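Okay, thanks for coming, everyone. Let me put the model up on the screen and then walk you through it.

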Amino acid sequence: MTKSIKIDFTKLEKALSLSEKWFDLGGGLYASKVGKEASKALFTSKRAAGRDYIVVDTKSRAITAKDTLADLTGFKKVEKAVILAASSYESTIKAEQPGKEKVAKAAKKPAKQASKPVQPAGLQFGPGLVSDKEGKITIASLLHAGKVYASRTVPAEFSARFKKYSADNQLLLYLQGGPGCNQVATYRGWLKQGRQVTKGQHGLKILAPKMVIKEDGTKAIDGLRLVTLFSVDQTELASQEA
């Protein structure tokens, strides 16, 4: 019979450091075969130490050690940053609820401080956050990324730059372009503004409705399509040669 031992979620970073290969099992579960010796660094009790597999449950916020697990090679490999982001991890999370004294102090803090969003640590922005296991960006991979990072808060100042885009597309731009991403446009859009996309640049992918004309002449949405945008820092002034 497979045995499992749970530990508190504050040891998430330490658990992730035990292996470089982590896999997405779906449903907020991530697993890795760390080996018996490595797991001893995480579990101190004799009953818990020496187990081969570790499973991180980002929904119930628990880390579990298991003796056996299904073959992980059939699952999508993910970066540790993906797990941290999906966990909305904070290094200051406490395993126990704060006492009455701490609650009273927290209540005295200004509302703005109490509601200030804390971003997960260690997220490396770039196309890799929205690509599939083969490194390609597809409609499916963008939808998956949106689901994984749904709990991530896009800074207000970032959203303000992209008011005409939906919240989902703001998130996709944020993940690919990072906090510093600024004005964006399509390739042709930049040409109309007298700018040329610099050679070798990879665009930022977002989703847009795919419109079709029905038999009665009206327009309707028929799925989604990929749209490629480039930020202004990926462009340069177009050549003025005749």
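I'll start with glutamine 176, which sits in helix α8, residues 167-177. Before I go on, a word on what you're looking at: this is a predicted model, where local features need pLDDT of at least 70, side-chain atom pairs count only at pLDDT 80 or more, and totals for chains, interfaces and linings use all residues. Residues are numbered from 1 along each chain as its sequence is written, and side-chain values use heavy atoms, with hydrogens and water left out. When I say helix or strand, I mean DSSP runs, H or I of at least four residues for helices and E of at least two for strands, numbered from the N terminus.

Back to glutamine 176, then. Is this residue buried or exposed? Glutamine 176 is buried, at 5% relative accessible area. My cut-offs there: buried is under 20% relative accessible area, exposed is over 50%, and partly exposed is in between, with a 1.4 Å probe and protein chains only. Its side chain reaches the backbone oxygen of leucine 172 at 2.9 Å. That falls under polar contacts, meaning a pair of N or O atoms within 3.5 Å; within protein, one must be able to donate a hydrogen and the other to accept it, and residues adjacent in sequence count only if both atoms are side-chain atoms. Leaving out residues up to four places away in sequence, glutamine 176 touches Phe125, Gly126, Pro127, Val130, Ile137, Gly203, Leu204 and Lys205. Contact here means heavy atoms within 4.5 Å.

Now the helix as a whole. Because 8 of its 11 residues are buried, α8 is largely enclosed by the rest of the structure. The buried ones are Asn169, Gln170, Leu171, Leu172, Leu173, Tyr174, Leu175 and Gln176. And what covers them? The cover includes α6 (139-148), α7 (156-161), β9 (204-213) and β10 (219-231). Just after α8, glycine 178 takes a positive phi of about 80°.

Next, the nonpolar cores. By that I mean sets of buried Ala, Val, Leu, Ile, Met, Phe, Trp, Tyr and Cys residues joined through side-chain atoms within 4.5 Å. Which residues touch the most other members of the largest one? Those are Tyr149 and Leu173, out of 42 residues in that core. Two or more residues each come from α1 (12-16), β4 (53-57), α3 (80-87), α6, α8, β9 and β10. Another core, of 5 residues, lies apart from it, with Phe23, Ala31, Val55 and Leu72 among them.

With 7 of its 8 residues buried, α3 is largely enclosed by the rest of the structure. Its buried residues pack against α1, β2, β3, β4, β6 and α6.

On to a pocket. For the record, on a 1 Å grid over the protein atoms alone, a pocket is an open set of points where a 1.4 Å probe fits, with protein on both sides within 12 Å along at least five of seven lines, and lining residues have an atom within 4 Å of a point. Points are joined across faces, edges and corners, and a volume is the space filled by probe spheres set on them. The second largest pocket holds about 350 Å³ of space. It has 21 lining residues, and the closest to its centre are Lys77, Val78, Glu79, Val82 and Gly128. Which element gives the most to this lining? That's α6, with 4 residues. By class, the lining has 7 nonpolar, 6 polar and 8 charged residues. In that count, Ala, Val, Leu, Ile, Met, Phe, Trp, Tyr, Cys and Pro are nonpolar, Asp, Glu, Lys and Arg are charged, and the others, Gly among them, are polar.

A few single residues before I stop. Leucine 69, in the loop between β5 and β6, is partly exposed at 27%, and it touches Ala31, Tyr53 and Val55, not counting residues up to four places away in sequence. Alanine 62, in strand β5, is buried at 9% relative accessibility. Its C-alpha is separated by 5.3 Å from that of phenylalanine 9, 53 residues apart along the chain.

And the overall picture: 9 helices and 11 strands, with buried residues making up 36% of the 242 in the protein.
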